[in-house]
Amino acid sequence: MGGPDRPSLVPISRRGLLAGLAATVAAPRLVAAGGPAESVHPFDGPWLTTAGIGPGDSCGAVTVDPGFAAQGVAPAPARLHGIVASLDGRWAVAVGRRPGRIALVIDRRSGAVATSFTPGEGRVFSGHGRYSADGRHFLTNEIERPDGTGRPVMGRGVVAVREAGGGFAIVAEWPSGGDGPHDLIHGGTNLIIANGGIEPNTPEARDAEATGSTITLLDPASGAVKGSAALPADLASLSLRHLAVRRDGAAVVAAQDLLKDGEARPLLFAVGRDGALSAFDAPDGAWRALRGYVGSVAFDPSGAFVACASPRGGQVSVWTAQGRHLGAIPLADGCGLAPGLEDGTFLATSGYGEVALIKAAPEGVGIIARRTGGPRYDNHVMRVTQG
């Protein structure tokens with residue numbers, strides 16, 4: 001395992017911003033797991049994520065503690081993607097990455113996998129799920145695969161409503177309002193669905209120039225459509241993928257580009273209360289640096305800043321919530337992104353086992369602490385509570 005690195009800062013004038021905040025931490029300890037039913041460690045860190053663990057292709061769900069060490073490990077039979085905690089903090093649910101065929105329910109008191117569930121008949125998971133606002137149900141975006149192949153191409157979207165206290169059985173199904181749904185999140189009085197349409201880097205994407213991606217707003221109680229929106233024609237190559245929301249219901253969505261033509265297209269948008277999309281601002285060079293791919297997006301705990309991570313671009317880029325670009329920090333293969341424990345901070349993880357604590361302020365952005373030598377962190381990380 002690697003040792004601690006010294007903090008590195010983007011060369012922006014902000015000595016006062018970061019004075020006294022720089023810190024390093026010792027190399028992490030990863031607790032090995034003996035089997036999926038074994039109690040390995042309380043799954044009680046402030047962040048939950050998924051990762052490749054041990055040799056080969058083994059993977060599982062992981063907690064990250066306040067010192068940025070990977071602690072609990074819940075082994076999984078397949079690669080996982082998004083992970084969320086129940087409102088009471090007792091459970092965590094990790095959904096298989098698209099096209100996923102399993103989701104795990106983890107007992108956070110013991111770190112053991114309590115149960116698992118699968119998609120509806122003829123469908124696959126998209127990699128994401130959310131608890132309902134009252135915690136009684138768990139909602140999963142699912143994609144129809146009538147041919148049974150599970151190929152990673154677009155298909156009609158379904159939101160499966162599951163009884164969280166009843167073995168996660170499906171009790172209702174709602175159309176997602178589009179093809180290829182990916183992420184979903186509660187924003188104000190709406191359930192927001194990012195229908196990605198044609199996914200970049202799939203067989204269908206080979207000769208396509210438009211994804212057919214949309215945002216759909218559903219009534220979270222009935223599934224009725226309350227609004228929808230699509231990007232303008234000059235941005236039709238973008239697939240809307242990942243969502244983040246702050247306490248007042250304001251939401252953002254990040255995109256991935258179907259085309260590889262070197263054009264500077266915005267990849268981060270504010271989602272209006274009616275679903276309308278407004279692009280964030282950044283210099284062309286900043287958009288190009290993301291290489292057409294944003295893998296995660298998050299608000300900081302205060303809601304004043306938004307960050308997006310690009311594993312292809314090897315960086316995390318940060319804006320004010322009003323859409324002004326502040327700068328970016330380098331993070332090789334960095335994708336996982338979540339609010340930190342303090343206002344203005346983000347926790348970012350990488351596929352090379354690095355955890356970085358990022359600090360944002362109106363003057364700029366920088367890394368104030370980092371830890372190396374962890375597991376191969378996957379796409380997403382979640383802050384369990386946000387104060």
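This is a predicted model: local features need pLDDT of at least 70, side-chain atom pairs count only at pLDDT 80 or more; totals for chains, interfaces and linings use all residues.
1. Two strands count as paired if DSSP finds at least two bridges between them. Strand β24 covers residues 334-339 and strand β25 covers residues 345-350; the two pair in the antiparallel sense over 5 bridges. Within this pairing, A338 has L347 of β25 as its bridge partner.

2. The hairpin has 5 residues between β24 and β25, and G344 takes a positive phi near 80°.

3. Is R265 buried or exposed? R265 has a relative accessible area of 13% and is therefore buried, the cut-off for that class being under 20%.

4. The surroundings of R265 may be described in terms of its contacts. The side chain of R265 makes a polar contact with the side chain of D261, at 2.8 Å. Leaving aside residues up to four places away in sequence, R265 touches D234, L235, S237, L238, D257, L259 and W287. The C-alpha atoms of R265 and A286 are separated by 9.9 Å, the two residues being 21 residues apart along the chain.

5. The second largest pocket has a volume of about 510 Å³. Its lining comprises 27 residues, of which R79, R97, Y293, D378 and N379 are the closest to the centre of the pocket. By class, the lining of this second largest pocket divides into 7 nonpolar, 10 polar and 10 charged residues.

6. Which strands each supply at least two residues of the lining of the second largest pocket? They are β1 (47-52), β16 (238-245) and β28 (376-383). The largest share of that lining, 4 residues, comes from β28.

7. A search of the whole structure finds 1 cavity of 30 Å³ or more. The largest cavity has a volume of about 50 Å³. The residues that line the largest cavity are G187, N190, I192, L217, G249, A250, A251, V271, G272 and R273. This lining divides into 5 nonpolar, 4 polar and 1 charged.

Methods. Residues are numbered from 1 along each chain as its sequence is written. Side-chain values use heavy atoms; hydrogens and water are left out. Buried means under 20% relative accessible area, exposed over 50%, partly exposed in between (1.4 Å probe, protein chains only). Contact means heavy atoms within 4.5 Å. A polar contact is a pair of N or O atoms within 3.5 Å; within protein, one must be able to donate a hydrogen and the other to accept it, and residues adjacent in sequence count only if both atoms are side-chain atoms. On a 1 Å grid over the protein atoms alone, a cavity is a set of points where a 1.4 Å probe fits but cannot get out, and a pocket is an open set with protein on both sides within 12 Å along at least five of seven lines; lining residues have an atom within 4 Å of a point. Grid points are joined across faces, edges and corners, and a volume is the space filled by probe spheres set on the points. Ala, Val, Leu, Ile, Met, Phe, Trp, Tyr, Cys and Pro count as nonpolar, Asp, Glu, Lys and Arg as charged, and the others, Gly among them, as polar.
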